[in-house]
Amino acid sequence: MVHIFTYHDNYYIYDTGSGSLHVCDEKTARTLKGEPVEMTDEELAAVLADVEGLKAAGLYDAPEPAVQPVKSGEVKALCLHVSHDCNLRCRYCFADEGAYHAAREVMSFGTAKAAIDFLLEKSGRRKVLEVDFFGGEPLMNFDVVKRTVYYAKEEGAKRGKKFLFTTTTNGLLLDEERAAFLNEEMENVVLSLDGRKEIHDAVRKTVNGKGSFDAVFEKIKKFVEIRGDKHYYVRGTFTAKNLDFSKDVLFLADSGFESISLEPVVTDIEDLKIGEEHLPAIEREYEKLCDEYIRREAEGKGFLFFHFHVDLEGAPCLQKKVSACGAGNEYFSVVPNGDIYPCHQFAGDKDFRMGNVFTGELDPVLRAKFARSCLFTRKKCADCFAKFLCSGGCSANNYHYCGDIEEPYPITCAMMKKRLECAMHVLAARKLREN
């Protein structure tokens with residue numbers, strides 16, 4: 001499968017089978033797409049010769065690799081919902097403002113301890129395990145976060161296993177003590193900030209209905225300063241209300257944040273949700289951001305925007321890519337009472353309750369369903385150029401919008417394709433600049 005696309009006046013060929021990207025001219029692009037082009041016989045012969053050369057090298061219309069997904073069944077990661085409560089009331093929150101459509105509660109250390117024991121028991125031969133502290137707002141249950149980290153490290157050491165921890169926080173409780181702990185113990189810290197003050201305050205409100213930007217911005221900046229070169233990223237959300245979201249990404253970059261992610265909202269709220277009618281504006285905005293991203297990088301003022309980072313040479317192996325998300329098989333979410341779900345976006349949905357950490361048992365039917373799920377079971381992905389880079393999208397989004405974890409959500413697909421084309425343009429611009 002070959003994908004030929006244009007970015008402004010640049011023409012590209014992406015070969016899905018080999019994962020190679022080629023720069024070409026307009027006549028070549030149009031010829032290979034089967035469009036009528038005025039060319040001399042010599043020009044046409046040169047194009048065909050180039051194509052044959054790429055084919056001979058396995059870099060054009062290459063057969064798709066014969067690879068099978070790898071799902072060991074060993075549990076490698078848990079998302080611990082240490083707090084089903086939040087000190088913000090963000091309008092678009094998929095987690096029902098932290099409560100997950102149930103009672104507001106926090107996880108006891110006894111439950112967190114049982115979750116760590118469950119992970120150690122089910123991890124098999126894996127030596128590196130991951131724990132994400134999630135909510136709601138996990139820092140509302142900071143003592144349990146601390147005790148869980150210390151317990152996991154102690155028990156892991158006994159079994160020759162290492163834990164990597166991540167915390168996602170809105171920053172409201174990032175005082176000196178909490179910041180120091182997260183900086184010391186977390187492999188990664190995700191900091192929620194939507195961008196410009198007026199955009200952030202419109203949806204990310206405190207319990208009393210006021211905007212939270214002024215309460216969190218300086219705390220997040222200070223944490224990033226002490227973080228140094230350790231992993232973090234500022235993670236925002238854009239909605240139908242800020243389709244000029246490139247301004248929010250650039251605001252974050254100008255504020256000194258060098259690792260940024262801005263995700264489309266997942267919501268059914270009418271004035272916020274992303275619809276098909278918004279896609280042309282979103283695609284133009286990605287291009288606007290892409291152009292500025294390349295300009296800043298060329299000037300030595302670059303930053304990392306998650307969706308424009310694609311590695312066609314040293315990315316994860318193809319077996320991992322076709323295996324898609326590990327939710328429900330290698331990765332699970334644990335809520336405050338110890339119930340287990342495939343991931344945080346399924347939490348609270350009784351149809352996806354898979355077990356409980358105190359019994360250690362997992363629903364074999366549900367687990368088998370998620371274990372089978374991979375790129376190749378998502379039939380609509382078969383003819384998509386992005387499939388080995390996207391892996392079929394988010395199972396939870398697929399289910400919540402299309403009723404089936406195997407049914408890709410079309411709006412997400414459209415945005416993913418555009419982001420990947422932008423990312424390939426970034427990669428090509430970087431290669432040309434380096435050469």
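Is Q345 buried or exposed in this predicted model? Q345 is buried, because its relative accessible area of 19% falls under the 20% cut-off. This residue sits in the loop between β14 (339–341) and β15 (355–356). Leaving aside neighbours within four places in sequence, Q345 is in contact with F94, V266, C394, A396, N397 and H400.

Q345 also belongs to the lining of a pocket. The second largest pocket is lined by 18 residues. Those nearest its centre are F94, H101, D268, Q345 and H400. The volume of this pocket is about 410 Å³. Its lining contains nine nonpolar, six polar and three charged residues.

The structure holds one cavity of 30 Å³ or more. About 40 Å³ of space lies in the largest cavity. The residues that line the largest cavity are K71, S323, A324, C325, A327, F370, S373, C374, R378 and S395. By class, five are nonpolar, three are polar and two are charged.

Aromatic rings provide another view of the fold. A pair of aromatic rings is described by the distance of the centres and the angle of the planes. The model has 23 aromatic pairs. One of them joins Y150 and F181, with 5.9 Å from centre to centre and 85 degrees between the planes. This pair is edge-to-face. The two residues are 31 residues apart, and their pair links distant parts of the chain. Y150 lies in helix α4 (residues 142–158), while F181 lies in helix α5 (residues 176–185). Y150 is partly exposed, with a relative accessible area of 44%. F181, in contrast, is buried, with a value of 8%.

The rings of Y401 and Y409 have another arrangement. Their centres are 4.2 Å apart and their planes meet at 15 degrees, so the pair is stacked. Y401 counts as partly exposed because its relative accessibility is 27%. Y409 counts as buried because its relative accessibility is 14%. Elsewhere, ring pairs link F238, F245, Y286, Y293, F303, F305 and F308 into a cluster. A charge can also meet a ring. The charged end of R147 sits over the ring of F109, at 4.0 Å from the ring centre.

Just after α8, G256 takes a positive phi of about 100 degrees.

Helix α9 spans residues 279–298 and includes R284. R284 counts as exposed because its relative accessibility is 54%, over the 50% cut-off. Along the chain, R284 and D244 are 40 residues apart. Their C-alpha atoms are separated by 9.3 Å.

F358 counts as exposed because its relative accessibility is 52%. Not counting residues up to four places away in sequence, F358 touches G110, T111, A114 and N337. F358 and K387 are 29 residues apart in sequence, and their C-alpha atoms are 38 Å apart in space.

Several backbone angles were also noted. Most residues other than glycine have a negative phi, and most peptide bonds are trans. H8 is not a glycine, yet its phi is positive, at about 55 degrees. H8 is placed in the loop between β1 (2–7) and β2 (10–15). This residue is partly exposed, with a relative accessible area of 43%. D61 is not a glycine either, and its phi is positive at about 50 degrees. The place of D61 is in the loop between α2 (41–56) and β4 (77–81). D61 counts as partly exposed, at 43% relative accessibility. The peptide bond from G135 to G136 is cis, with omega near 20 degrees. G136 lies in the loop between β7 (128–134) and α4.

Methods:
Residues numbered from 1 in each chain as written. Predicted model: local features only at pLDDT ≥ 70, side-chain atom pairs only at ≥ 80, totals over all residues. Heavy atoms only, no water. 1 Å grid on protein atoms, 1.4 Å probe; cavity = no way out; pocket = protein on both sides within 12 Å on 5 of 7 lines; lining within 4 Å. Points joined across faces, edges and corners; volume = space filled by probe spheres on them. Nonpolar A, V, L, I, M, F, W, Y, C, P; charged D, E, K, R; others polar. Helix = DSSP H or I, 4+ residues; strand = E, 2+ residues; numbered from the N terminus. Buried < 20%, exposed > 50% of the residue type's maximum accessible area, 1.4 Å probe, protein only. Phe/Tyr/Trp six-rings, centres within 6.5 Å; stacked < 30°, edge-to-face > 60°. Lys NZ or Arg CZ within 6 Å of the ring centre and 35° of its normal. Contact = heavy atoms within 4.5 Å.
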